Amino acid sequence: YGVLQATENLRIAEDNLTNQKTILTNTQKKYKLGTVTKIDTLTAETAVLTAENEVASAETMLNTAKMNFNMLLGYDLMQKVVLTDSLKMVEAPKMTLTEAVESAVNQRNEIKGVIFATEIQEILLKSLKYRYPENSSTYLNQQTALLKAQKTAEDAPTQIEMEIRIKYMELADKKQAVDVAKAALANAKEGYRLATITYNAGMNTVTDVQEAQIRAFRAGQGLAKAISDYDLAVYEFKHAVGVGTVRLPL
């Protein structure tokens, strides 16, 4: 997802550059007609240079993400990898909160691990019963270890339930964040369109148009991040309601 988001950010930066060049072209035409000042063309030129720099930065970020991806998977650093996925919202598990909690409690490794740990402590305590007095420090320490293991085992289902409830709420929050980001992008694009129309009609300045385009640019980046965050939350939730991602120590 780091590569996917970096790829999307590069596309958004390139779109921004295209739009800034369009603004510059329109401003140069207006300058020739005498409807705008020289400073407007200079402002538009600066915006294009800034957009070009942002494209270059986005390319660097994408190349860095690709190298990190290759290194993580043990590939050659410059291995060409073509991802078949794209940055789009994945489908969340269709289960109720109750079903999610039950699934996690029945499958999570941590619960099986604490039950096993309790059994080990019971065996160790029994092994001491015939070798040490019950009031000896060795026996009492092991008895305490058993009590702690039992308490951990008793608390594990509740802790798992709390984790699932939190992730379930976070999933809904991140879904809403995507909806908000989509609306923000749509509004920003419409704002840019209206700013362009009013600029062509001589009712605002090139700065107003550029600011509107920058808002659309940032909104596009915000949507890409919101989708990435949501998808990762979905995968975390799927793992959480299954066996989890915790490795049990042997």
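**Cavities and pockets in the predicted model**

Four nonpolar residues, one polar residue and one charged residue make up the lining of the largest cavity. These lining residues are Val3, Lys66, Phe69, Gln79, Val81 and Leu83. The model examined here is a predicted one, and the largest cavity in it has a volume of about 50 Å³. In total, three cavities of 30 Å³ or more are found in the structure.

The largest pocket has a volume of about 280 Å³. Its lining is formed by 17 residues, of which Arg11, Ile12, Leu185, Lys189 and Gly220 lie closest to the pocket centre. Three helices, α1 (2–33), α5 (137–200) and α6 (206–240), each contribute at least two residues to the lining of the largest pocket. The biggest share comes from α6, which provides seven residues of that lining. Sorted by class, the lining of the largest pocket comprises nine nonpolar, four polar and four charged residues.

Seven of the lining residues of the second largest pocket are nonpolar, one is polar and three are charged.

Key
Residues are numbered from 1 along each chain as its sequence is written. This is a predicted model: local features need pLDDT of at least 70, side-chain atom pairs count only at pLDDT 80 or more; totals for chains, interfaces and linings use all residues. Side-chain values use heavy atoms; hydrogens and water are left out. On a 1 Å grid over the protein atoms alone, a cavity is a set of points where a 1.4 Å probe fits but cannot get out, and a pocket is an open set with protein on both sides within 12 Å along at least five of seven lines; lining residues have an atom within 4 Å of a point. Grid points are joined across faces, edges and corners, and a volume is the space filled by probe spheres set on the points. Ala, Val, Leu, Ile, Met, Phe, Trp, Tyr, Cys and Pro count as nonpolar, Asp, Glu, Lys and Arg as charged, and the others, Gly among them, as polar. Helices (H or I, at least four residues) and strands (E, at least two) are DSSP runs, numbered from the N terminus.
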